[in-house]
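Hello,

I am passing on a structure that you have not worked with before.

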Amino acid sequence: MPIRRLGARTSLVYHSQTAKLSYGYSKMNVSKSGYRVFSANSTPACIELARRITERLGVELGKSVVYQESNGETRVDVKESVRGQDIFIIQTIPRDVNTAIMELLVMAYALKTSCAKNIIGVIPYFPYSKQCKMRKRGSIVCKLLASMLAKAGLTHIITMDLHQKEIQGFFSFPVDNLRASPFLIQYIQEEIPDYRNAIIVAKSPSAAKRAQSYAERLRLGLAVIHGEAQCSESDMADGRNSPPAGRTTSGHTGLRLELPLMMAKEKPPITVVGDVGGRIAIIVDDIIDDVEDFVAAAEILKERGAYKIYIMATHGLLSAESPRRIEESAIDEVVVTNTVPHEVQKLQCPKIKTVDVSMILAEAIRRIHNGESMAYLFRNIALDD
């Protein structure tokens with residue numbers, strides 16, 4: 001009996017120590033678990049956006065080195081442990097788009113092989129988003145990029161104002177498509193004097209839904225530019241001729257099949273649907289890159305009596321000679337967010353202004369890590385926004 005009691009007591013002590021030991025391990029694991037935020041390139045713009053986000057989150061930027069070797073290959077070295085953690089990779093897209101994509105892919109794969117729990121890409125401007133439809137005998141490059149990101153190890157993406165919302169269907173993992181419109185609307189209300197005398201303008205019929213969303217929330221009127229000077233993506237010729245033009249197809253019966261002729265599209269003379277006389281015209285769009293359409297729209301609005309012209313866009317790519325053309329045009333101000341680096345363009349054209357969206361990106365990171373609902377970030381957001 002004493003031996004049994006001693007054995008039972010010893011067993012009890014052993015089990016209690018095991019319980020304490022396992023509790024200590026679980027507590028240690030909980031204290032070590034968390035998330036890290038990394039920058040996928042070392043350009044000043046990406047580092048600045050990452051710094052703003054980490055400051056709002058109250059965390060330090062993850063230690064990593066991303067560089068190009070002498071032969072042009074991308075190399076990534078992660079300088080700290082990421083095992084079992086949620087990793088957020090911030091990647092802005094500079095002018096060298098393909099290098100930025102490789103940096104993101106290589107870093108994601110490096111984190112995947114380092115046993116990160118989840119790898120979330122924070123890509124404010126998603127590249128190749130305009131190539132989301134079949135054109136001629138080309139390819140849907142946006143779908144290809146989505147497959148590459150999934151293969152590299154990404155498990156989630158945070159982006160902003162995709163060119164087409166249907167792009168989310170290309171991915172095999174969740175995509176949070178945030179909106180910049182609350183920040184741009186706030187800028188209109190606070191920085192444009194007498195904005196109540198403004199009118200929201202869509203530079204083409206395809207942009208009318210977005211413009212209507214802005215107009216309804218600002219309680220302003222709506223105008224649409226329509227005519228031969230505009231060429232929207234939906235009007236582009238597909239370009240495929242199968243069989244080639246001028247031929248007729250013959251079936252197995254040997255009969256010649258005459259297909260009905262398709263009438264070519266003819267746009268009417270350019271018109272402005274809506275009264276812009278004596279108003280402030282605010283043109284809204286998601287991307288401003290080649291500014292020829294915007295400059296042409298500004299000239300038309302000036303002719304129709306608008307006395308000030310603003311352009312609001314989420315992504316300011318502003319390629320090639322865009323800053324010079326804006327400076328020489330009738331446009332008074334171009335307002336874009338910091339989803340894309342454009343510091344050089346701002347030096348070339350003082351009309352370009354920037355709105356910071358790091359707040360909503362930081363909040364999205366926090367909510368995803370904590371498993372909270374993202375619905376709060378989409379409050380008062382219209383479906384067509």
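This is a predicted model: local features need pLDDT of at least 70, side-chain atom pairs count only at pLDDT 80 or more; totals for chains, interfaces and linings use all residues.

Residues are numbered from 1 along each chain as its sequence is written, and side-chain values use heavy atoms, with hydrogens and water left out.

The chain has 10 helices and 16 strands (DSSP runs numbered from the N terminus, with at least four residues of H or I for a helix and at least two of E for a strand). Of its 385 residues, 43% are buried (under 20% relative accessible area, with a 1.4 Å probe and protein chains only).

Seven strands form an open sheet with mixed pairing, in the order E12-E9-E8-E13-E14-E15-E16; two strands pair if DSSP finds at least two bridges between them. At its edges are strand E12 (271–273) and E16, each pairing on one side only. Strands E8 (residues 198–202) and E9 (residues 221–226) run parallel and are joined by 4 bridges; Val-201 has Ala-223 in E9 as its bridge partner.

Two helices lie across parts of this sheet. Helix H6 (residues 208–218) lies across E8, E9 and E13, at about 165 degrees to E8. For these angles, axes are lines fitted to C-alpha atoms, for helices over the stretch in contact, and angles run from 0 to 180 degrees between N-to-C directions.

Now to the cysteine. Cys-349 sits in the loop between helix H9 (343–348) and strand E16 (352–355). Is Cys-349 buried or exposed? Cys-349 counts as buried because its relative accessibility is 0%. Leaving aside residues up to four places away in sequence, Cys-349 touches Pro-323, Ile-326 and Glu-327; contact means heavy atoms within 4.5 Å. Glu-328 is 21 residues from Cys-349 along the chain, and their C-alpha atoms are separated by 9.5 Å.

I hope this helps you find your way around. Do write back with any questions.

Best wishes

Technical notes: Buried means under 20% relative accessible area, exposed over 50%, partly exposed in between (1.4 Å probe, protein chains only).
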